[in-house]
Amino acid sequence: MKTNDHTVPQSYLRRFAEERRGRGQFIVATEADHVDRSFETNVRNIAAVKGFYWASLDDGTSNHDAEHLFARVEAATAPAFAAMLDDHKYALSQRWPLPVHLRERLAWWMAAQVLRTTRQRKRLAHLLDESAPGLQLPSSLRKAAATNLHIAYVASQLGRLAGVLYGRPWGLGFSDACLLTSDVPVVLLNQHDAHEQVLAAAVCDILLALDPHRFLFLPGAGHLEDRRKQVDHRLKFDGGMGLALSEIIRDAADRHLLHHPVHPPQAVHSSDIRPRLARPWEGEDPKRSPQYSLSYNVLPAEYGVERRWLNEHPPRRSAS
């Protein structure tokens, strides 16, 4: 029997969810292309595809090693998330940078989240189509080919990508504005669908929302002149910058945006829907994709953010 395979870990989604006594953890899902369509769901039932890591082969064999690998990576990373997010006094942990062993685990986790998504599989399947434009496979064989290609790609790239991410400078950030995540939680700014994913991850800005107000930002080649950003650091984004982060996450999502029931980001409810990242597998022109350039200041070491601001939002500024 095929399992219900999560493409985004439940343990990660719980950071964006609300506990409902006796019912589990609930999150709000919004269609990325139709932001007026939202629904609440248990984290068990979102960002999951039945048999996603199982190849449907004629001989009845299947491949679920990837699923087991991801489960081990997720379990090993729990202490890293706790170290970043569970400081009892501060919203931005004073235990930063992470110890080496936790940094290693989180680098593997981020690498897995770049490679395992439904968007990544669609990108790879599109490359397969381009390489053999005259080959028309039966739908069952095409699905198996795409699955096997994806699993093989993950196996070949995971260690290399984790090593690249481990060696990058990391910024632990706080956003005044509420953040969302999606079924594509790690975003490679301006190069998300690059053919050479490891090379792209070596040079571009990288964004990962950690919960409704914290995020990781790995500054890329555009920040080389600022020495403070060439080592691990902390940063704080005001409301406008936080909204920009949520827009970037929305642009890269495959199907669903995800946010906490009591932390709705304004970006989800925007009526001004601009083009998201192009999807070549649907015939969209990559040249129409939005481009991003983020500039920020490093938070001085002696500054912090009190933990209460995770739930006590400052009053909105007047328009005047």
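Visitor: Which residues in H3 meet those in H2?
Guide: In this predicted model, helices (H or I, at least four residues) and strands (E, at least two) are DSSP runs, numbered from the N terminus, and contact means heavy atoms within 4.5 Å. H2 contributes Phe70, Val73, Glu74, Ala76, Thr77, Pro79, Ala80, Phe81, Ala83 and Met84. In H3 they meet Leu102, Arg105, Leu106, Trp108, Trp109 and Ala112.

Visitor: How many residues of the contact of H2 with H3 are nonpolar?
Guide: Nonpolar covers Ala, Val, Leu, Ile, Met, Phe, Trp, Tyr, Cys and Pro, charged covers Asp, Glu, Lys and Arg, and the others, Gly among them, are polar. On that division the contact holds two charged residues and one polar, while the nonpolar residues number 13.

Visitor: What pLDDT must side-chain atom pairs have to count?
Guide: Residues are numbered from 1 along each chain as its sequence is written, and side-chain values use heavy atoms, with hydrogens and water left out. The model being predicted, local features need pLDDT of at least 70, totals for chains, interfaces and linings use all residues, and side-chain atom pairs count only at pLDDT 80 or more.

Visitor: Where does Ala112 lie, and which residues does it touch?
Guide: Alanine 112 is part of helix H3 and is buried at 2% relative accessibility, where buried means under 20% relative accessible area, exposed over 50% and partly exposed in between (1.4 Å probe, protein chains only). Its C-alpha atom is 6.5 Å from that of leucine 158, 46 residues apart along the chain. Not counting residues up to four places away in sequence, alanine 112 touches Phe70 and Leu158.

Visitor: Which residues touch the most other members of the largest nonpolar core?
Guide: A nonpolar core is a set of buried Ala, Val, Leu, Ile, Met, Phe, Trp, Tyr and Cys residues joined through side-chain atoms within 4.5 Å. The largest has 83 residues, and those touching the most other members are Met84, Leu106 and Leu216. The largest share of this core, nine residues, comes from H3. To restate the names, the residues asked for are Met84, Leu106 and Leu216.

Visitor: Which residues is leucine 106 in contact with?
Guide: Neighbours within four places in sequence are left aside here. The contacts of leucine 106 are then Thr77, Ala80, Phe81, Met84, Leu98, Trp170 and Leu216.

Visitor: Which peptide bond is cis, with omega near 10 degrees?
Guide: Most residues other than glycine have a negative phi, and most peptide bonds are trans. Proline 97 lies in the loop between H2 and H3. The cis bond runs from tryptophan 96 to proline 97.

Visitor: What phi does asparagine 190 have?
Guide: Asparagine 190 belongs to the loop between strand S8 (186–188) and helix H6 (197–203). With a relative accessible area of 34%, asparagine 190 is partly exposed. Although asparagine 190 is not a glycine, its phi is positive, at about 70 degrees.

Visitor: Is alanine 47 buried or exposed?
Guide: Alanine 47 sits in the loop between strand S4 (34–42) and strand S5 (48–50). Its phi is positive, about 55 degrees, although alanine 47 is not a glycine. At 12% relative accessibility, alanine 47 counts as buried.

Visitor: Which residues does isoleucine 249 contact?
Guide: Isoleucine 249 lies in helix H7 (residues 239–252) and is buried, with a relative accessible area of 2%. Its C-alpha atom is separated by 9.8 Å from that of leucine 188, 61 residues apart along the chain. Leaving aside neighbours within four places in sequence, isoleucine 249 contacts Leu180, Thr181, Ser182, Val187, Leu207 and Ala209.
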